[in-house]
Amino acid sequence: MPKNQRIGYRGQLIPKRYRIPLLKGLNECCEYLSGNFNIKSMVEVGCYTGESTVVFANCFKEATIYAVDIWRKKLSNVEELFDARVRWHTNIEKIKQPSVMASKRFEDSSLDFVYIDGNHSYSSVRQDILKWLPKIKKDGVIGGHDFHYEGVAGAVQANLGPPVQVFQDTSWVIPCAKILKPPRFY
Ligand SMILES: C[S@@+](CC[C@H](N)C(=O)[O-])C[C@H]1O[C@@H](n2cnc3c(N)ncnc32)[C@H](O)[C@@H]1O
């Protein structure tokens, strides 16, 4: 792969000029989180080649970053790219499991932050919200990526309410204390 490109989720090459705002936006999201929360343990649902995982690992150096993904075989060398990228980051723990199954590994109210970036359909995002929200501490924060997708925005707004902030990479965040529409059993 040429140095200035990366593979997109659907296998396409993404030129560097599109990468920069994405990473800048995620870094801004991390700055917001660092300034407002004490992130010691977090989960990223959907890690792909680990670009965002490494941003989290660098930003929250004292935290454990649990990296959840199924890494389907049909996406050729994506898992290998992930493994190579996170290799030297001792604060990343890889969990190769579907999101819902992985959520069962965690105690309720044990995480400071969950970032949802797995399957982007309305029903999957809703399911991720419902499964992961109870795992976050009451003074923690939930967020994710791709708020410009209809399924993502719809599921977030219907089940949590509006994000307090959407960053330029379309990462969204909502502190648990500011959730306007807590799901029924939360
Ligand atoms: C958009 S990519 C993640 C991109 C990554 N966060 C980044 O910014 O570089 C979505 C990822 O979610 C994973 N995924 C999809 N459905 C999932 C599920 N049910 N459980 C876990 N991972 C899932 C896919 O394998 C894929 O790697």
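Which residues does Ile-65 touch, not counting residues up to four places away in sequence? I found Met-42, Glu-44, Thr-53, Phe-56, Ala-57, Phe-60, Asn-91 and Ile-92. I call two residues in contact if their C-beta atoms, placed from the backbone, lie within 7 Å.

**Ground rules.** I noted that this is a predicted model, where local features need pLDDT of at least 70, side-chain atom pairs count only at pLDDT 80 or more, and totals for chains, interfaces and linings use all residues. Residues are numbered from 1 along each chain as its sequence is written.

**Overview.** I looked up the protein chain and found six helices and nine strands. Helices (H or I, at least four residues) and strands (E, at least two) are DSSP runs, numbered from the N terminus. Of the 186 residues, 37% count as buried. For me, buried means that 20 or more other C-beta atoms lie within 10 Å of the residue's own, exposed means 12 or fewer, and partly exposed is in between, with C-beta atoms placed from the backbone. Among contacts between residues at least 6 apart in sequence, 68% join residues at least 24 apart.

**The core.** Ile-65 came up again here: in the largest nonpolar core, of 45 residues, Ile-65 is among those with the most contacts, along with Met-42, Val-43, Phe-113, Val-114, Trp-132 and Ile-142. Such a core is a set of buried Ala, Val, Leu, Ile, Met, Phe, Trp, Tyr and Cys residues joined through C-beta atoms within 7 Å. I reminded myself that in soluble globular proteins nonpolar side chains tend to be buried together.

**The sheet.** I traced an open sheet of seven strands in the order β5-β4-β3-β6-β7-β9-β8, with mixed pairing. Its edge strands are β5 and β8 (165-166), and each pairs on one side only. Two strands pair if DSSP finds at least two bridges between them. Strand β3 (residues 41-45) runs parallel to β4, and five bridges join them. One detail I jotted down is that Glu-44 has Ala-67 in β4 as its bridge partner.

**Helix α3.** Which residues of α3 (residues 78-86) are buried? I listed Val-78, Glu-79, Phe-82 and Val-86. Seen down the axis of α3, these fall within an arc of 100° (taken from the directions from the helix axis to the C-beta atoms), so they line one face of the helix. They pack against α2, β4 and β5 (92-96). On the face turned away, I found the exposed residues Glu-80 and Ala-84.

**The ligand.** I found 18 residues around the ligand, the closest being Gly-46, Tyr-48, Ser-52, Ser-99 and Gly-118. A residue counts as near if its C-beta atom, placed from the backbone, lies within 6 Å of the molecule. Both α2 (51-59) and β4 (64-69) supply at least two residues of this shell.

Tyr-48 lies in the loop between β3 and α2, and Tyr-48 has a positive phi of about 55° although it is not a glycine. Is Tyr-48 buried or exposed? Tyr-48 is buried, with 22 other C-beta atoms within 10 Å. Ser-109, in the loop between α4 (99-103) and β6 (111-116), has a positive phi of about 50° and is not a glycine either. With 13 C-beta neighbours inside 10 Å, Ser-109 counts as partly exposed.
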